[in-house]
Amino acid sequence: MQAWQVHRNGEPSEVMELADVERPVPGDGQVLLRVRAANINFPDALMCRGQYQVRPPTPFTPGVEICGETEDGRRVLANPALPHGGFAEYAVADAAALLPAPDALDDAEAAALHIGYQTGWFGLHRRAHLQAGETLLVHAAAGGVGSAAVQLGKAAGATVIGVVGGEEKVKVARDLGCDVVIDRRSQDVIAAVKEATGGRGADVIYDPVGGEAYTQSTKVVAFEGRIVVVGFASGTIPSPALNHALVKNYAILGLHWGLYNTKDPKLVAHCHEQLTELAARGAIKPLISERVPLAGAAAAVQRVADGVTTGRVAVVPGHEGAGA
């Protein structure tokens, strides 16, 4: 089979190599899956760089999220068991963690419903307890992680403010359903949020960016607001001033979704049921901006790493060409 392999750390476009390799052999409790679609996540780029908390032995195949097909023909969602990741024709995964792919979504959309939407659901509902009528601020609202949070926020009855970078992403965020869109490149984010909320600020802030975005969050969070920290796509990890959290009476909530797979896997299954129901009634639908063939995976991972994509980019083995 064909699979992308990483033998050394570096930029994805430089270290990912397409090779002919043997199909992986499932271990105890694992199953072999034919990859129907693999969604690209920022951690895939971090893994190539050797900067992710999970560091599989080399050579490894990146790709942490797939829609796959079992030997008996079932469509499932899975997080492949590294080092046999999803940017390949076949992958292996833990049998107990497989989730049924929603009928309402195609392969690429289904692959993208997993990590980003689970993270959004746990962040907004389990950690921040977002309520209907509250204001949700989403940083990087046109990106893969942010777009999921926007849709989940709207489905929960919140007013959603999206922060993006650039005119193209403004349109994407509007189409996703943001009530207010702020272009951080041409607008003062703090002033714009305060204007949009009548000076009150946002009740819940969803931050996959860190860095300057987190600093902005602390200045626009409402009384008894909650800042949900889900990642550091900016490359800068903030050092929160806890005296500021005390004086302004807001909460800083960390979210590592992967922990629920070991700490409380039943909650992951419950979340998937909720997401499947939302997808069935059209309340959420992953935004797939590109579907690329397996041969285009390295370049696509690099684009995600560089922050120039919107929504999700999916690798579809057997797909003839790129495009939505």
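How many bridges join strand β12 to β13? Four bridges join β12 (residues 221-229) to β13, and the two strands run parallel. This is a predicted model, in which local features need pLDDT of at least 70, side-chain atom pairs count only at pLDDT 80 or more, and totals for chains, interfaces and linings use all residues. Residues are numbered from 1 along each chain as its sequence is written, and side-chain values use heavy atoms, with hydrogens and water left out. Helices (H or I, at least four residues) and strands (E, at least two) are DSSP runs, numbered from the N terminus.

**The parallel sheet and its helices**

- Strands β10-β9-β8-β11-β12-β13, in that order, form an open sheet of six strands with parallel pairing; two strands pair if DSSP finds at least two bridges between them.
- The edges are β10 (180-183) and β13 (251-254), each of which pairs on one side only.
- On average, neighbouring strands here are turned by 20° against each other, direction ignored. Axes are lines fitted to C-alpha atoms, for helices over the stretch in contact, and angles run from 0 to 180 degrees between N-to-C directions.
- For a handy spot to look at in the viewer, find V229, whose bridge partner in β13 is G254.
- Helix α6 (residues 167-176) packs on this sheet and touches β9 (159-164) and β10, where touching, or contact, means heavy atoms within 4.5 Å. The direction of α6 makes about 165° with that of β10.
- Helix α8 (residues 211-220) also packs on the sheet, touching β8 (135-139), β11 (202-207), β12 and β13. Its direction makes about 160° with that of β12.

**Antiparallel pairs**

- Strands of a sheet pair through backbone hydrogen bonds, either parallel or antiparallel.
- β1 and β2 run antiparallel and are joined by five bridges, with Q2 opposite D20 in β2.
- Four of the five residues of β1 are buried, leaving the strand mostly covered; buried means under 20% relative accessible area, exposed over 50%, and partly exposed in between (1.4 Å probe, protein chains only).
- β3 and β6 pair in the antiparallel sense over five bridges, and V31 stands opposite A93 in β6.
- Strand β6 (residues 90-94) has four of its five residues buried, so the rest of the structure largely encloses it.

**Helix α2 and its surroundings**

- Two packed helices are described by the angle between their axes and the distance between the axes.
- The axes of α2 (residues 42-49) and α12 (residues 297-306) come within 8 Å and cross at roughly 100°. That makes α2 roughly perpendicular to α12; the classes are under 35 degrees for roughly parallel, over 145 for roughly antiparallel, 65 to 115 for roughly perpendicular, and oblique for the rest.
- F42, D44, A45 and R49 in α2 meet V301, V304 and A305 in α12.
- The residues of this contact are five nonpolar, no polar and two charged. Ala, Val, Leu, Ile, Met, Phe, Trp, Tyr, Cys and Pro count as nonpolar, Asp, Glu, Lys and Arg as charged, and the others, Gly among them, as polar.
- D44, A45, L46, M47 and C48 are buried in α2, and the buried residues of this helix pack against β1 (2-6), α1 (12-15), β2 (16-20), β3 (30-39) and α12.
- Just after α2, G50 takes a positive phi of about 75°.

**Helices α4 and α11**

- α4 (residues 115-127) and α11 (residues 265-280) pack at an angle of about 100°, with their axes 10 Å apart, and that makes α4 roughly perpendicular to α11.
- On the α4 side the contact uses Y117, Q118, W121, F122 and R126, and on the α11 side L267, V268, H270, C271, H272, Q274 and L275.
- By class, the contact has seven nonpolar, four polar and one charged residues.

**Cysteines and a buried alanine**

- Zero disulfides turn up in a search of the whole structure, a disulfide being a pair of cysteine sulfur atoms within 2.5 Å.
- For C67, the nearest cysteine sulfur is that of C271, 17 Å away.
- C67 counts as buried at 0% relative accessibility, and C271 counts as buried at 0% as well.
- A111 is found in helix α3 (residues 107-111) and counts as buried at 0% relative accessibility.
- Leaving aside neighbours within four places in sequence, A111 is in contact with A37, N39, E65, I66, C67 and L77.
- The C-alpha atoms of A111 and V64 are separated by 10.0 Å, although these residues are 47 residues apart along the chain.
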